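Visitor: Hi, I'm new to this one. Could you show it to me and walk me through a few spots?

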Amino acid sequence: MDLLVARDGTIRAVYAEDIDLGVLGQPVITRASHVEPDEQGRWSADLSPVKGPVLGPFDHRSDALQAEQSWLEANWLTTTS
């Protein structure tokens with residue numbers, strides 16, 4: 001789990017349960033994406049809540065979750081907006 005600490009002390013992360021984020025202060029958790037199946041049982045990761053693309057479809061949910069996490073780490077975690 002990567003934590004990005006801004007100069008003002010705010011911490012940004014892709015949520016995971018690796019550590020208790022509450023020890024760092026009151027967490028504000030917002031949805032970054034939706035990983036959902038389609039009518040054929042294939043999976044997509046819709047990153048529109050963070051102004052990102054729709055990734056997929058993938059045959060396996062785990063592949064959509066991995067693509068979601070990779071995209072968030074590369075494109076959202078380190079942005080300042």
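Guide: Let's begin with P57, which sits in strand β5 (residues 54–58). Strands here are DSSP runs of E of at least two residues, numbered from the N terminus. The model is predicted, so local features need pLDDT of at least 70, side-chain atom pairs count only at pLDDT 80 or more, and totals for chains, interfaces and linings use all residues. Residues are numbered from 1 along each chain as its sequence is written, and side-chain values use heavy atoms, with hydrogens and water left out.

Visitor: Okay, is the peptide bond from G56 to P57 cis or trans?

Guide: That bond is cis, and its omega is near 15°.

Visitor: What do you find in most proteins' bonds?

Guide: Most peptide bonds are trans, and most residues other than glycine have a negative phi.

Visitor: Speaking of phi, which residue has a positive phi although it is not a glycine?

Guide: That's K51, with a phi of about 60°.

Visitor: Where is K51 found?

Guide: Look at the loop between β4 (43–46) and β5, where K51 lies.

Visitor: And does K51 count as buried or exposed?

Guide: K51 counts as exposed because its relative accessibility is 81%. Buried means under 20% relative accessible area, exposed over 50%, and partly exposed in between, using a 1.4 Å probe and protein chains only.

Visitor: Switching topic, where is V5 found?

Guide: V5 belongs to strand β1, which covers residues 3–5.

Visitor: Is V5 buried or exposed?

Guide: V5 is exposed too, since its relative accessible area is 55%.

Conventions: Helix = DSSP H or I, 4+ residues; strand = E, 2+ residues; numbered from the N terminus.
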